[in-house]
Amino acid sequence: MDEAHQADIPNWIQQHSVYQDLMRLDVGDSAQVYAAFLVYMDLTEVRGWSGVFGVSCPELQAVLLEGREKEGDTVQMIYPLPSHRSIKHKVLRCVLDRGSPMLLCVVASDSSLVYQRLCDGFLTPDPPLDIQDQGRRQHRKRRLQT
Amino acid sequence: MDAGEDQSTGDDVIDISFCGSTPLMWKVSDIKKCRGTGVIGALVGSLARQPRQNVRMGRPLELMQEEALMLEETISASASLHTQDCKDEEAARQYEAVLESSYKEQCTLALEDKKTVLRRIMQKKENDNDDSGYAVRDRLNALDQAFSFPRSAMAIQLCTARAGFSHCPDERGFLYTDWPIPRDERSEIRFRVYRDLRSKGYYLTSAGKFGGDFLVYPGDPLRFHAHYIALCMSMDEQLPLCDVLAIARLGSNVKKTVLLCSPQKPSEAGKEERIEEGVVYSSLQWSSIV
């Protein structure tokens, strides 16, 4: 399946220096490296992240990306994966335990990207929108019934 | 320990009735005591005066397997299995007799009630000089023959606070059954996560509606919204990425963080004392990157 996928990758990508760098890290199968390249392009070209480069992760046999949203921000670690894969909690912890804030990026077959933030422990969510006082509405209802 | 637990009261044992493998609680005092220890459960019975709705429910309180196990571990709770078939014919006959006399009593009372209503109507019509009062009087006179009280209208009282649910210690010992909850790997994982989150002070309810295992509240669910949807899994369990995406998206829509919870494997042999086995938590949030 990997060989078929390799042939599908457009020439301009195969010849791209960054793609070749990522391949040269010699971890991850071609599908995962391709996903990493797409995420790299999104982060650098679309979102304007700085200092993005590939990092090899031998324990996971995958290519990770490291970068900053803008100059001076903390480094974040991104784990790109093709969408048809499965993941273990152990694997996610492996990346989390490196210490940097982590993003999981899932790459669909149509090249659309979905980012999710992962962090250790309990991250309190944003509070829900305030519920308005329903009191007056109730009185209005009662008047309709009598 | 919670302040709610009163060691001085004689009978501290809580009764958990099992219907198959579903743990239920019937007594209000037991339910109150459990709430004090953080076990919430879910009311699943219908209220006598508010049938045919699902907004307000009554007893019994259905417990999650983890809640029942927790009660067994922390405060004393004994399980009793109420047998479905009652082989005791004498008891069955007595019960039928009680039902029959209750029915007759209700018939009489219903008839009296109806007569009173008709008399009142008649009186009112006479006061108003309304001639249609004659029709009402005829009905009243015919009532003794014409009145029927169908069996389906009969009210049946279920005694939950009396015999059958409050046994003396000797009887309870006799009725006590082995815990009928199966303990496979999946339920072990869920229970370890439940116990750990409880020990951290969180309140938990079932998260079936959200596709997760537990809803995690920072306090009593009557006062707070849930903060997390807890997903229990082993460290090695494979999760399809589509499922991860789906639940993260759901969490974002309902303003809850998805919590991946995995019990840590016990530490390798070689250490003298047994190290407390913890649970690893990872928070998953839909990224704010647009």
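This is a tour of a predicted model, chain by chain and then across both chains.

Residues are numbered from 1 along each chain as its sequence is written, and chains are lettered from A in the order in which they are written. In this predicted model local features need pLDDT of at least 70, side-chain atom pairs count only at pLDDT 80 or more, and totals for chains, interfaces and linings use all residues, while side-chain values use heavy atoms, with hydrogens and water left out.

**Chain A**

Select chain A and colour by secondary structure. There are 6 helices and 6 strands, taken as DSSP runs numbered from the N terminus (helices H or I, at least four residues; strands E, at least two). Along the sequence the order is α-α-α-α-β-β-β-β-α-β-β-α. Of its 146 residues, 40% are buried; buried means under 20% relative accessible area, exposed over 50%, and partly exposed in between, with a 1.4 Å probe and protein chains only. Contacts are heavy atoms within 4.5 Å; of those in chain A between residues at least 6 apart in sequence, 50% join residues at least 24 apart.

Next, select A:89-96, which is helix H5. Of its 8 residues, 6 are buried: A:His89, A:Val91, A:Leu92, A:Arg93, A:Val95 and A:Leu96.

Two loop residues are worth a stop. A:Asp26 sits between helix H3 (17-24) and helix H4 (30-46). Its phi is near 60°, a positive value in a residue other than glycine, and A:Asp26 is exposed at 67% relative accessibility. A:Ser111 is in the loop between strand E5 (102-107) and strand E6 (113-120). Phi there is near 70°, again positive in a residue other than glycine, and A:Ser111 is partly exposed, at 35%.

**Chain B**

Now show chain B, with 7 helices and 11 strands. Buried residues make up 38% of its 290 residues.

Zoom to B:Pro60 in strand E4 (residues 58-62).

Then select B:65-73 and B:185-199, helices H2 and H6, which pack at an angle of about 65° with axes 10 Å apart. The axes are lines fitted to C-alpha atoms over the stretch in contact, and angles run from 0 to 180 degrees between N-to-C directions. Which residues of H2(B) and H6(B) meet? From H2(B) come B:Glu66, B:Glu67, B:Leu69, B:Met70 and B:Glu73; from H6(B) come B:Arg190, B:Phe191, B:Tyr194, B:Arg195 and B:Arg198. The contact residues divide into 4 nonpolar, no polar and 6 charged (Ala, Val, Leu, Ile, Met, Phe, Trp, Tyr, Cys and Pro count as nonpolar, Asp, Glu, Lys and Arg as charged, and the others, Gly among them, as polar).

**Both chains together**

Show both chains and go to B:Thr257, in strand E10 (residues 257-263) of chain B. B:Thr257 is buried, with a relative accessible area of 0%. Beyond neighbours within four places in sequence, its contacts include A:Leu123, A:Thr124 and A:Pro125, as well as B:His227, B:Tyr228 and B:Ile229.

Finish at the largest nonpolar core, of 36 residues. Such a core is a set of buried Ala, Val, Leu, Ile, Met, Phe, Trp, Tyr and Cys residues joined through side-chain atoms within 4.5 Å. A:Tyr79, A:Ile87 and A:Leu104 have the most contacts inside this core, and helix H7 (residues 241-253) of chain B supplies its largest share, 5 residues. Among the residues that A:Ile87 touches, outside four places in sequence, are A:Tyr79, A:Leu81, A:Leu92, B:Leu239, B:Leu241 and B:Val244. A second, separate core has 31 residues, including B:Met25, B:Tyr202, B:Leu204 and B:Leu259.
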